[in-house]
Amino acid sequence: MAWDFTNDRPIWLQLAEHLTLQIISGQYQSGSALPSVRALAAEVGVNPNTVQRAMSELESEGLIETRRTAGRIVTEDMQLISQMRDKFAKERINEFINAMKALGYTENDIKNLINNWRENHE
Amino acid sequence: MNNILVSARSLTKTYQNITALNNINLEIGSGKIVGLLGPNGSGKTTFIKLLCGLLQPTSGMLMVDGKSIGTHTKSVISYLPDRMFIADWFKACDLMEFFSDFYSDFDKNKAMEMMSALGIAPNDKIKTMSKGTKEKIQLAMIMSRQAKLYLLDEPIAGVDPAARDFILNTILTNYNEDGTVIISTHLISDIERVLDEAIFLQNGNIVRYDTVDNIREQEGKSVDQLFREIFAYGMQ
């Protein structure tokens, strides 16, 4: 149990992000059932209400749906999942570019570095 | 979910010339896990003992489940004291009989399951158990009741980190969904992630009562960090 959380933000928000990542990366497959709130709370080692809040957040984003018989399942809307993945990818790229700029690299430098990296890794 | 389970109005408790609780006003809802946080001597245990009816308030009013403290409230409260309460010569099975005799809401099967998860056999004597095991077995008994209010006074104080995880997990997986759990402790970083709400006590006063989410959102820091700031020694 016991995932790591940072101190500066609400735990439910971090949990929601973590679950989103698991969905867009395919660890939780589209259409598959999610663990129950209590089971997840026990696994992660957090309050069930925290898990509930994270789940509600994902529900309002449409990433998960509640089925009366099957509990909560990951959405079957592949377009939504891929949109969400693009959004996450853009955020990661922004973070990367900003970090590189903070080190003093220009956008051209960064392009060259990435091209060099690709040559070395092929 | 948001029914008021505990309400205190102008609650005051003094021991001779020491004020342990000073004019406390609060309402705690049901279905919550609440941390009662404060340094030593801030009034945590006094508040819990008042809820149990082990102490009488000097003035003010205290209600649990809509009733004044008495027979009814005692029947819906499951209390873990801050010290050993089991007789040494008991065996694990005696303890279970004892609890099912005293409490009609005691779930024996649940207790058996927890015992076996702890690796305790029914014939094991309490006397031969380590301090940590004794604490765990007491908690298992307390959490096996279907109570409305669980009062846990320093449940993780004397045990190693692995046992702490076990204890927190036991609390998380076993509390009654409509029940509220009040945990008093000063080991905040260990329990912060299981809490809904935090009550900060200082010298018998409530200095803050808020949800953990609000504290993190507004302060941008954990409850543990806020605690260290509020209760910092020797700094102004």
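This is a predicted model: local features need pLDDT of at least 70, side-chain atom pairs count only at pLDDT 80 or more; totals for chains, interfaces and linings use all residues.
**Stop 1: chain A**

Where they touch, domain 1 of chain A supplies seven residues and domain 2 of chain A supplies five. What classes of residue does domain 1 of chain A turn towards domain 2 of chain A? Three are nonpolar, four are polar and none is charged.

**Stop 2: the sheet in chain B**

Hop over to chain B and find the open sheet of six strands, which run in the order 6-7-8-3-9-10 with mixed pairing. Select 77–80 and 205–211 of chain B: these are strands 6 and 10, the edge strands, each pairing on one side only. From one strand to the next, the twist averages 15°.

Next, zoom in on strand 3 (residues 33–37) and strand 9 (residues 197–202) of chain B, a parallel pair with four bridges. Click B:Val34 and you'll find B:Glu197 of strand 9 opposite.

**Stop 3: helices on the sheet**

Show residues 44–52 of chain B. This is helix 1, packed on the sheet and touching strands 3, 6, 7, 8 and 9 of chain B. Its direction makes about 145° with that of strand 7 of chain B.

Last, select residues 131–143 of chain B, which form helix 5. Helix 5 of chain B also packs on the sheet, touching strands 6 and 7, and its direction makes about 175° with that of strand 6 of chain B.

Definitions and conventions. Residues are numbered from 1 along each chain as its sequence is written. Chains are lettered from A and ligands numbered from 1 in the order in which they are written. Two residues are in contact if their C-beta atoms, placed from the backbone, lie within 7 Å. Ala, Val, Leu, Ile, Met, Phe, Trp, Tyr, Cys and Pro count as nonpolar, Asp, Glu, Lys and Arg as charged, and the others, Gly among them, as polar. Two strands pair if DSSP finds at least two bridges between them. Helices (H or I, at least four residues) and strands (E, at least two) are DSSP runs, numbered from the N terminus. Axes are lines fitted to C-alpha atoms, for helices over the stretch in contact, and angles run from 0 to 180 degrees between N-to-C directions.
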